[in-house]
Amino acid sequence: MLGEGILKGLAETARNFAGSFVSAERLTTVQYPEQRIAPIEATRDFPFLVYDGADWEAGMRCVACQICEKECPPQCIYIEKSKDKKPDFVGKPQFYPARFDIDISVCMSCQICVEVCPFEAIKMDTEFELSTEDRFGGLLFDRKELAKPNEHYHKIHPTEAAEVDARLAEEKAKADAKAKAAAEAAAAKAAAPAKTAAVGDAAAKPAEGASRA
Amino acid sequence: MIETADQIFVLLKQWVVGLLPAGLQPVAGVLLSVVAIIAVFPTLFALAVWVERKALGRMQNRIGPNRVGPLGILQPVADGIKSLTKEDIVPLSADAAVHFLAPVVLVVAVFMGFAVLPMGRNMELVDMDAGLLFFFAMGASTELSVFMAGWSSRNKYSLLGAMRAVAQMISYEVVLLLSSAAVVMITGSLSLVKIVEAQNHYTWGLPHWYIFTPWGCAGFVMYAIAATAETNRSPFDLPEGESELVAGYHTEYSGFKFALFFLGEYLAMFSISGLGTTLFLGGWSAPFSFLGWVPSWIWFFAKVMLSIVVFIWMRGTLPRLRQDQLMNFAWKFVLPLTMLNLLVAGLWRFLGDGWERWVVCSAILVLAFAVMGREGMRREHFGPRRYRYAE
């Protein structure tokens, strides 16, 4: 008969109403500032810059290639390339960002910067309590505010960070092997004239140069 | 003692008025009652908003407001302060005068309705012979304010909301009037005081409220449906459907004017619940004869608050209707049933005092409800819609 559904619905809401007083597990919300739920691993909001080691400036993975700046749909990244170079984790000299700003009031959390970064230098953070009284300066993060250690990345996204570390280690191993091979080749080359010159110790020097190139 | 508690407000008023010179007494008496109404119902409004937010939260397995004061009881105060300090924005192309008048007209018209409601024994501002007529006249003028708001805002959402509101309110106004007409037929009076007195009798300790008769029960259900639609409450909240129309007719209102609309809406709920209580639930009379010692005004306000709780319960349960369902439901289902109910009320009057009238009247109403409900569902007048896609 007409109206049965309404009665069923009313009974259901009445059950919810009474049940929420009796059993705490019915309540789907938590009392936020006091109680917190740990964010799930896939959580993301705004990007941060990863650095290795203790010094954020020396360990920064970013090489200021500006791919993320170009790809960013809302154009919220601003990068200035450095004039000089410094060695990256493999030991290769690279540019570094003299300035790296992200305007998080513009950022739309799309993660495209992370997808396009070839250096695993920019990742998504989970920090969301970013409210500030200064809506311009307070929401424009410079490279110091953006820089966070690799350990932080491991803490917020453990699986992903392990994968990234494995990939970087593999890359480094490959680079090392290549350098070693180059060094050996150079050593062999050096050894050929060495047979005549008979200076075995000199082989180490060009090998070092090859690994840097 | 019991008599004093029952009449405490009346005695208080007489005492205060007695202190004044004789020439001022009639005016002072009316003013005092008006002030009491203006003080009591907005307080109830604050309470109802808190109850609504807490109850809705619980129905959705949330806790509801709990930050301002113990259990969030001071939340309405915080909301009030917030709306008072907010900027009052009038759109550049709006008709400023009408835009300003709309919320005022709403609140004034709704407050006028309280003038004729008997809120306790001897507790009515005016005992009008045509009190019911006056109440409906005032209730109908809230439609005017809704349309004023929608039209003067010069906003398409406001206008759409206002058009929906007018269509809905006019449709359900007919039902509201006709379902109350049955009560008038039986009582033989339009005076709300007389209607309550007619219900204030007891047999075996049980009251003679009209809801306990077949025609009264059916009338009450239809009155409740029409009242929900008339006050734009869920599931009939199409005029302000926030998922479709931003906020409907009060889209362009902010600050205290918005608060006035909010207040007006709740006051309309109180007044229409008060009328429903008066017509079908025995007004201020006690539910059992042995509870007669409890002051009459407590019963009236308890019944009104109970109706408000039911309103909240419905809001927590039912999704919003579609426009065509709304219209079909009013004109093709509820209106024919109210007409039939008028006939049944007449039968009830002339079938005598025996058990036959109970059987005959109940049978007619239940049968009509079942058949019309089934037929309406079959023809998809108000059930879920079946979609046919192009092949």
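Colleague: In which sense do strand S5 of chain A and S7(A) pair?
Modeller: Strand S5 (residues 97-103) of chain A and S7(A) pair in the antiparallel sense, over two bridges. Two strands count as paired if DSSP finds at least two bridges between them. Helices (H or I, at least four residues) and strands (E, at least two) are DSSP runs, numbered from the N terminus. Please note that this is a predicted model, in which local features need pLDDT of at least 70, side-chain atom pairs count only at pLDDT 80 or more, and totals for chains, interfaces and linings use all residues, while side-chain values use heavy atoms, without hydrogens and water. Residues are numbered from 1 along each chain as its sequence is written, chains are lettered from A and ligands numbered from 1 in the order in which they are written.

Colleague: Which residue stands opposite Leu140(A)?
Modeller: Leu140(A), in S7(A), has Asp103(A) opposite.

Colleague: And what is the order of the open sheet in chain A?
Modeller: The three strands run in the order S2-S5-S7, with antiparallel pairing. Strand S2 (77-81) and strand S7 (140-141) of chain A are at the edges with a single partner strand each, so one side of each has no neighbour in the sheet.

Colleague: Changing topic: how many residues does the contact take from each chain?
Modeller: Chain B gives 20 residues and chain A gives 18, where contact means heavy atoms within 4.5 Å. Together the two chains bury about 1,700 Å², with 66% of it on carbon and sulfur atoms. Buried area is the accessible area (1.4 Å probe) that two parts lose on being put together, summed over both.

Colleague: Which three residues supply more than any other three of the area that chain B buries against chain A?
Modeller: Arg58(B), Asn61(B) and Arg67(B) do, with 37% of that area.

Colleague: What does Arg67(B) form with Glu34(A)?
Modeller: Arg67(B) and Glu34(A) form a salt bridge, with the closest N and O atoms 3.2 Å apart. The rule requires a side-chain nitrogen of Lys or Arg within 4 Å of a carboxyl oxygen of Asp or Glu, and it finds one such bridge across this interface. Nine residue pairs (both at pLDDT 80 or more) are in polar contact between the chains. A polar contact is a pair of N or O atoms within 3.5 Å; within protein, one must be able to donate a hydrogen and the other to accept it, and residues adjacent in sequence count only if both atoms are side-chain atoms.

Colleague: Which elements give two or more residues to the side of chain B that touches chain A?
Modeller: They are helix H3 (25-59), helix H12 (296-317) and helix H14 (356-378) of chain B.

Colleague: Where is confidence lowest in chain A?
Modeller: Helix H8 (residues 204-212) of chain A is lowest, at a mean of 50, whereas helix H4 (residues 112-116) of chain A is highest, at 92. These values are pLDDT, the predictor's confidence in each residue, from 0 to 100. Where pLDDT is low, the predicted coordinates should not be read in detail. The mean for chain A is 84, and for chain B it is 87.

Colleague: Is the peptide bond from Ser234(B) to Pro235(B) cis or trans?
Modeller: That bond is cis, with omega near 5 degrees. Pro235(B) is in the loop between helix H9 (214-230) and helix H10 (242-245) of chain B.
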